[in-house]
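Thanks, everyone. I have one structure to walk through today. Please look at the screen, and hold comments until I finish.

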Amino acid sequence: MTILCVRFQLPSAHETAFPELLGLLEEFTPVVEALPPDGALADLRGAERYFGRGAVELASVIRVRALALHGVDCVIGAGPGPMLARVAQRAARPGVTCAVSADEARDFLAGKPVAALPGVGVATARTLCEYGLDTLGRVAAAPLSTLQRLVGAKAGRELHEKANGVDRGRVVPNAVSRSLAAERRFPRDELDPVRHRRALLSAGEELGARLRAVEKVCRTLTLTVRYADRSSTTRGRTLGEPTAHSADLTRTAYSLYEALGLQRARVRAIALRAEGLGPADRASHQLTFDPADEKARRIEEVADRARAKFGPRAVMPGGLAA
């Protein structure tokens, strides 16, 4: 068990602590992959040799340091690879690391729903369930040829391996500092797509305002939808041009959401992340000569000035004064 999946239990609107918490992990290993808005993978192979401690012992030290230095608890899963560590983290609870060895992997996965496997989206899970493959144990026992007919040759092979506990993934270090995120958590599991879209509108407005405040534009927008069963779906899209325009971000967020094809999904939280940030003064903007677009941008400028003077609650989503 050399890989940790750490989910920091960040309070609402406390994202600023996330880079510092990633820095805490980097004190143990340079191989840290951020999983915004509040998670990370850490490869501890070098740390185990250096400190002479196993991954579970190091996880306890990380938890204590996060609490002592930042007042943030965390939920940690450990496994021989990133996939098993992520599934273990979802089964863990605060204060106790859930560790799964390679020998235990197949039995650990067997009773879990297919949607618990990272990379299995709503559409794939629905297709598998229609054929009675509703648990990872049944997927593992199914013939490879059957899975490939249902979800495709490459996806079927990967699904079969993962359901049998074969984890070929690796931790890929990335730079969270080149991104910004906005998350909206619902007070209860939310079924109404209208409220989902309202959350996307609010998050898109916040991201645009924050990008403009630091004079940045983003190249990519990523949507993460977290469900009641603690699983999640993440989709990203490269924008037509780098932007900090809230309307463009919101339209892209709507498009990503609609592409998921959610039907009566119980959603716990929705998060948007702007990635590939760059200086706004170096970004090109295609002139549209559209009066509506120009009007929207002027309204944004007024709304930004109101936020700067009276605070973020001075403007409601859509650029309207509160």
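This is a predicted model: local features need pLDDT of at least 70, side-chain atom pairs count only at pLDDT 80 or more; totals for chains, interfaces and linings use all residues.

The protein has 322 residues, and 45% of them count as buried. By secondary structure, there are 12 helices and 12 strands. Now the contacts. Take those between residues at least 6 apart in sequence: 66% of them join residues at least 24 apart.

On to the cores. The largest nonpolar core holds 29 residues. Which of them touch the most other members? They are Leu200, Leu207, Leu211, Leu223, Leu262, Val267 and Leu272. Several elements each supply at least two residues here: β6 (179-190), α10 (193-213), β7, α11 (246-260) and β9. A separate core has 26 residues, among them Leu4, Leu10, Val32 and Ile76.

Go back to Leu262 for a moment. Set aside its neighbours within four places in sequence. Leu262 is then in contact with Val122, Val225, Tyr227, Tyr257 and Val267. Val267 is also on that list of core members with the most partners.

Next, the second largest pocket. How much space lies in it? About 720 Å³. Its lining has 36 residues. Nearest the centre are Leu35, Arg86, Pro118, Gly119 and Thr234. Two or more lining residues come from each of these: β2 (32-35), α4 (82-91), α9 (153-163), β7 (216-227), β8 (232-243) and β9 (267-275). By class, the lining splits into 14 nonpolar, eight polar and 14 charged residues.

Begin with Asp43, in strand β3, residues 39-43. Is Asp43 buried or exposed? Its relative accessibility is 7%, so it counts as buried, the cut-off being under 20%. The Asp43 side chain makes a polar contact of 2.6 Å with the side chain of Arg45. Beyond four places in sequence, Asp43 is in contact with Thr2, Ile3, Thr29, Val31 and Val171.

Then Glu241, which lies in strand β8. Its relative accessible area is 23%, so it is classed as partly exposed.

Methods: Residues are numbered from 1 along each chain as its sequence is written. Side-chain values use heavy atoms; hydrogens and water are left out. On a 1 Å grid over the protein atoms alone, a cavity is a set of points where a 1.4 Å probe fits but cannot get out, and a pocket is an open set with protein on both sides within 12 Å along at least five of seven lines; lining residues have an atom within 4 Å of a point. Grid points are joined across faces, edges and corners, and a volume is the space filled by probe spheres set on the points. Helices (H or I, at least four residues) and strands (E, at least two) are DSSP runs, numbered from the N terminus. Ala, Val, Leu, Ile, Met, Phe, Trp, Tyr, Cys and Pro count as nonpolar, Asp, Glu, Lys and Arg as charged, and the others, Gly among them, as polar. Buried means under 20% relative accessible area, exposed over 50%, partly exposed in between (1.4 Å probe, protein chains only). A nonpolar core is a set of buried Ala, Val, Leu, Ile, Met, Phe, Trp, Tyr and Cys residues joined through side-chain atoms within 4.5 Å. Contact means heavy atoms within 4.5 Å. A polar contact is a pair of N or O atoms within 3.5 Å; within protein, one must be able to donate a hydrogen and the other to accept it, and residues adjacent in sequence count only if both atoms are side-chain atoms.
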